[in-house]
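Please read this briefing with the structure open beside you, and look up each residue as it is named. The points are grouped by topic, so that each group can be checked in turn.

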2 protein chains.
Amino acid sequence: MKQEQGLSVKEGQVQMKVEHTKQIKEVVNAVKAKNIQNVYFVACGGSMASLSLGEYFISKESLVPSFVYTSNEFIHRDPKVLGENSLVILRSHSGTTPETVSAASFAREKGALTVAISMDTESPLCQEAEYTVHYNYKDGSDALDGEVGIFYTLIFELLNVFAPDEKYSRVVNQLPNLEKLINKNVDLFSKVADDFGKKYKREKIIYTMASGAYIHHAYSFTSCLLMEMLWIHSNAIHSGEFFHGPFEITDFDVPFLVIKGEGASRPLDERALDFVKKYSNKVEVIDIADLVFEGIDDDLKEYFGPALAGAVTRLYADGLAEHTGHPLSVRRYMWKMEY
Amino acid sequence: MKQEQGLSVKEGQVQMKVEHTKQIKEVVNAVKAKNIQNVYFVACGGSMASLSLGEYFISKESLVPSFVYTSNEFIHRDPKVLGENSLVILRSHSGTTPETVSAASFAREKGALTVAISMDTESPLCQEAEYTVHYNYKDGSDALDGEVGIFYTLIFELLNVFAPDEKYSRVVNQLPNLEKLINKNVDLFSKVADDFGKKYKREKIIYTMASGAYIHHAYSFTSCLLMEMLWIHSNAIHSGEFFHGPFEITDFDVPFLVIKGEGASRPLDERALDFVKKYSNKVEVIDIADLVFEGIDDDLKEYFGPALAGAVTRLYADGLAEHTGHPLSVRRYMWKMEY
């Protein structure tokens, strides 16, 4: 095993594309060269939810305060702490989201170190930010070079700067398993997810519930898959908040899709799940502990669970799309008008 | 006008009860005596939403990083930054919320300065925390001694420590207007809120939408009033997130209650509102700019708007309760079982 600045390569193992490794190293070096005192994750919708995993692990494990903002709130709130000692990580799939492009300009004017994550390095967001981290998208390349592999490498390399720990190098070293694990878990869950679609195809509302890092998956699933792509009403309920209001909505015919996380807040999910199972006949659980984690050290499962959850939850939306006859690509407003 | 440690008293004006003033001063002095480097607001449900106003203003206007956590997530996440230089403000109306009591113990063990806000100083939460800030509840006393007056005094006195500005003393000095303003705004909005109840009484789902400090009012309204007390499905959508997923749910018959804020992110609300008004026939707006702000300086409206919004939004729930014949006091599960 060749160890090189935290990124290591095993003989015969998939390797990250050279330009990606280079981009991430540039960001890590820029962070090392500055006195970074806080990290902002800024994006919209599903991109914000993805970045939130970074905030989760950084706040849990390092002394660097980190924050998540939806792009326009970031600009209008204008947090006082934002400045020369800030690292601002922005993300937009296409790199064209206007609010996020503006947020990059705004952060740069404040003197922050700005990093854009996108599939298109020629995009306005990447032009606007000081550093760019590119990921491949549906071009047949390995998941290590896709959105999860790239983002995880960036975050765990940064964690290794903020709070050095051999664990983070192991996370990076085990990321080449990602592609295989995604495929295995997709195989494992595709039948149950299709059954979910068959069973819930008449539902007008489906609640999601999760906690910890997984609340961001629930948020994505609710906002981008159920509401946006399937026109099904929803709300992503934090399982720690469930008993402080939302639980009174529970009834025999109210559907819940619960992500039972693999990590610190699993007991919160378990408690909420025990309750909804008792009072609703329409409860489906995605138990992250049931996922295939082959090749991943036991103590790293809490990091890899959120890396794999997105591919699994997506299947549940595919199931609904299949059985409602409502393809995930259909929109009423997006791409059809100015707004 | 007699100026004394930031709290001042005008001749003939309502005065905060001596024990409340004393409690808040004790907290402020304890904060001054320590090297506070970060602030955590920790509570559940509606109490968490109320505390979030503190995070909003502190992050917007001071260099002290601040964070909001639902109590159990706080304990399980165990943020690394939490320690001797942390101020942890916890809140529970009754002071009995078990997760919040545990969060207080947890924070104290970490060496943080803990402050409990509650209507009952004998409660477990107040026993657990180092400092207590009491507020009166429905005992006929002035709003200055109620939950809003007390919390606002605490937050703006703290802001005056973290980022001294004469504005914050003016906020505190103008808080004696609260009672009169709440009454006037309740009078102003009671008819339109009752009409709302009449018009929307058959709805099974009502979305709320807001941004900035008001997203927390939307969250409270969604979780505690619509879902908990009225059993109406809901989701509090951030108006900056609306176009990044949720807006595809909009249709002619999908109801939205939009809080158009008075403050930095008002343009976000306006943009979302323009859209929903075009594609839904069921849009109701609470425009905070329409509230009575008598006695409040123009540049302080952004602080006072969130202080007054709760009393106004509550009326909309009263309207629904009246016309659905479903009193806000009815529960299916709470107070009826262990969970």
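Predicted model: local features only at pLDDT ≥ 70, side-chain atom pairs only at ≥ 80, totals over all residues.

**Briefing on the two chains**

In chain B, the residue B:Arg332 is found in the segment that follows helix H11 (301-324).

**B:Arg332 and its surroundings**

- Because its relative accessibility is 19% and the cut-off for being buried is under 20%, B:Arg332 counts as buried.
- When neighbours within four places in sequence are left aside, B:Arg332 is in contact with A:Glu248, A:Ile249, A:Thr250 and A:Asp251 of chain A, and also with B:Trp231 and B:Met337 of its own chain.
- The C-alpha atom of B:Arg332 is separated by 42 Å from that of B:Glu84, and these two residues are 248 residues apart along the chain.

**Where chain A meets chain B**

- On the side of chain A, 69 residues are in contact with chain B, where 69 residues take part.
- About 5700 Å² of area is buried between chain A and chain B, and carbon and sulfur atoms give 57% of this area.
- Of the area that chain A buries against chain B, 13% is supplied by A:Arg77, A:Glu248 and A:Tyr333, which is more than any other three residues supply.
- B:Ser223, which is placed in helix H9 (residues 215-230) of chain B, touches A:Gly245 and A:Pro246 as well as B:Glu228, if residues up to four places away in sequence are not counted.
- With a relative accessibility of 3%, B:Ser223 counts as buried.

**Chain A as a whole**

- Chain A contains eleven helices and eleven strands, and 64% of its 339 residues count as buried.
- For 339 residues, a compact globule would have a radius of gyration near 20 Å, and the value for chain A is 20 Å, so the two agree.
- Taken along the principal axes, the box filled by the C-alpha atoms of chain A is roughly 55 × 50 × 40 Å.
- If one takes the contacts in chain A between residues at least 6 apart in sequence, 75% of them join residues that are at least 24 apart.
- The accessible surface of chain A is about 12600 Å², and 48% of it belongs to carbon and sulfur atoms.

**B:Tyr131 in a strand**

- B:Tyr131 has its place in strand S7 (residues 131-134) of chain B, and at 21% relative accessibility this tyrosine counts as partly exposed.
- Apart from neighbours within four places in sequence, the residues in contact with B:Tyr131 include B:Glu26, B:Val27, B:Ala30 and B:Leu113.
- Between the C-alpha atoms of B:Tyr131 and B:Pro246, which are 115 residues apart along the chain, the separation is 42 Å.

**Two residues with a positive phi**

- Most residues other than glycine have a negative phi.
- A:Trp231 is not a glycine, and yet its phi is positive, at about 55°; this tryptophan lies in the loop between helix H9 (215-230) and strand S9 (236-238) of chain A, and at 26% relative accessibility A:Trp231 counts as partly exposed.
- B:Asp78, which is not a glycine either, has a positive phi of about 50°; this aspartate is in the loop between helix H3 (71-77) and strand S5 (86-91) of chain B, and B:Asp78 is partly exposed, with a relative accessible area of 29%.

Key:
Residues numbered from 1 in each chain as written. Chains lettered and ligands numbered in written order. Heavy atoms only, no water. Helix = DSSP H or I, 4+ residues; strand = E, 2+ residues; numbered from the N terminus. Rg over C-alpha atoms; globule rule 2.2 N^0.38 Å. Buried < 20%, exposed > 50% of the residue type's maximum accessible area, 1.4 Å probe, protein only. Contact = heavy atoms within 4.5 Å. Areas by Shrake-Rupley, 256 points an atom, 1.4 Å probe, with all protein chains shown as cover. Buried area = accessible area lost by both parts, 1.4 Å probe.
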